[in-house]
Amino acid sequence: MAVEIFYDDDADLSIIQGRKVAVIGYGSQGHAHSLSLRDSGVDVRIGLPEGSKSRAKAEEQGLRVLTPAEASAEADLIMILAPDTKQRFIYEQDIAPNLKDGDALFFGHGFNIRYDLIKPPSNVDVAMVAPKGPGHLVRRQFVDGKGVPALIAVEQDASGNAQALALSYAAAIGGARAGVIKTTFKEETETDLFGEQAVLCGGASALVQTGFEVLTEAGYAPEIAYFEVLHELKLIVDLMYEGGIARQRYSISDTAEYGDLTRGPRVISPAVKEEMKKILGEIQDGTFAREWVAEDEAGRPNFTKLEEQGNQHPIEETGKKLRSLMSWVDRPITETA
Ligand SMILES: NC(=O)C1=CN([C@@H]2O[C@H](COP(=O)(O)OP(=O)(O)OC[C@H]3O[C@@H](n4cnc5c(N)ncnc54)[C@H](OP(=O)(O)O)[C@@H]3O)[C@@H](O)[C@H]2O)C=CC1
Ligand SMILES: CC[C@](O)(C(C)=O)C(=O)O
Ligand SMILES: [Mg+2]
Ligand SMILES: [Mg+2]
């Protein structure tokens, strides 16, 4: 099915400029949306609990910070950018009691709607603006005059104007400079979870760690292994980003390209593809969502253990040393850009 893609000329910025927006959360996505909405002339306030460590960062940027309940009561568009596993509690306690006729409830990812964790009333618009990139780069690209593509979706169109509102919001954070695709909560949630698990985060991290292990276990220097499988990956992916896999293959040597064409399918073998399909199945049938919600409710024991194991992987130590010698590489992540 052909997708609909919208650009700045298709969006009416005045729609979002006419709304009172509450952004709940000020982390990776929250700071990017809030600062770029403000820079686009939108009336924005931030909702954070009294003890939140994000409060100081938002206030430093001159943003008005209220509690999530106060921000929701004051606003007529509420964008939830708190962690997915916390959203249903924030919704029940702070947002639902403050929803009025004609309000809009927005999400940056469809998890809570797709898996029925939040069930909004019928008198509000329910829509999504989901940038296809990490929040810190969403903000960095906006500031640089560029944009990260975004998906929009409408779950419930109480006003009859929810799509135009979502497109206007997406344009205000820079998404329509790059392209905004209309989708559904189901499609965004399932493809986003698959992408981050199998390719962008899970697949890429495991590929890099395993490549580093194979080289160092064979006796090669960790520094050389690091440059080979992690540092250079960014340069290779930059070429893919700019001109597709074809441009990457144009720039590399014929020797590399022959190795790519013949060995790549041995690394990502039919068994790996089968495993990817299994992972997609677990997303589609709700297995992953149930597992993640239960893991979070149990205090994240497995998450914490695996995260710590990742931090202890020898590639991190090697990388830290090498990056400290390349001043332009280690660009600190802040929520104050
Ligand atoms: N990270 C990304 O780039 C992307 C994220 N998304 C989606 O965006 C949403 C937000 O994710 P992300 O930006 O990663 O989140 P982060 O973990 O980076 O930030 C979460 C923010 O929510 C705040 N918070 C925690 N609890 C509450 C609460 N009870 N009430 C209000 N605020 C609270 C945190 O404050 P504190 O400092 O106190 O912890 C923090 O400011 C998710 O739906 C995610 O799937 C979508 C696309 C990409
Ligand atoms: C790739 C991870 C992501 O989906 C994203 C930055 O788009 C996320 O949930 O953080
Ligand atoms: Mg994503
Ligand atoms: Mg995601």
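**View 1. Ligand 2 and the side chains of Asp192 and Glu196.** An oxygen atom of ligand 2 lies 3.1 Å from a polar side-chain atom of Asp192, and an oxygen atom of ligand 2 is 2.5 Å from an N or O atom in the side chain of Glu196. Such a polar contact is a pair of N or O atoms within 3.5 Å; within protein, one must be able to donate a hydrogen and the other to accept it, and residues adjacent in sequence count only if both atoms are side-chain atoms. The model is predicted: local features need pLDDT of at least 70 and side-chain atom pairs count only at pLDDT 80 or more, while totals for chains, interfaces and linings use all residues. Residues are numbered from 1 along each chain as its sequence is written, chains are lettered from A and ligands numbered from 1 in the order in which they are written, and side-chain values use heavy atoms, with hydrogens and water left out. Gly133, Pro134, Asp192, Glu196, Leu200 and Cys201 are the residues around ligand 2, where a residue is near a molecule or strand if one of its heavy atoms lies within 4 Å of it. On its own, ligand 2 has 280 Å² of accessible area, of which the protein covers 63%; accessible areas come from the Shrake-Rupley method with a 1.4 Å probe, and for residues only the protein chains shown count as cover.

View 2. An unreviewed UniProt entry places the feature "binding site" at Asp192 and Glu196; UniProt positions are given in the numbering used here, feature names are shortened, and annotations may be inferred rather than shown by experiment. Asp192 lies in helix H10 (residues 185-200), and Glu196 has its place in helix H10 too. Helices (H or I, at least four residues) and strands (E, at least two) are DSSP runs, numbered from the N terminus. Asp192 counts as buried because its relative accessibility is 18%, whereas Glu196, at 29%, is partly exposed. Buried means under 20% relative accessible area, exposed over 50%, and partly exposed in between (1.4 Å probe, protein chains only). Not counting residues up to four places away in sequence, Asp192 touches His109 and Lys132, and Glu196 touches Cys201 and Gly202; contact means heavy atoms within 4.5 Å.

**View 3. The surroundings of ligand 1.** Of the 25 residues around ligand 1, Gln29, Ser52, Ser54, Asp84 and Gly135 come nearest. An N or O atom in the side chain of Asp84 is 2.5 Å from an oxygen atom of ligand 1, and a backbone N or O atom of Gly135 lies 2.9 Å from an oxygen atom of ligand 1. Taken alone, ligand 1 exposes 910 Å², and the protein buries 75% of that. Gln29 lies in helix H2 and is buried, with a relative accessible area of 19%.

**View 4. The largest nonpolar core.** Leu37, Phe106 and Tyr169 touch the most other members of this core of 33 residues. A nonpolar core is a set of buried Ala, Val, Leu, Ile, Met, Phe, Trp, Tyr and Cys residues joined through side-chain atoms within 4.5 Å. Leaving aside residues up to four places away in sequence, the contacts of Phe106 include Leu77, Ala127, Leu165 and Tyr169. Apart from this core lies another, of 23 residues, among them Ala22, Leu105, Phe107 and Phe185.
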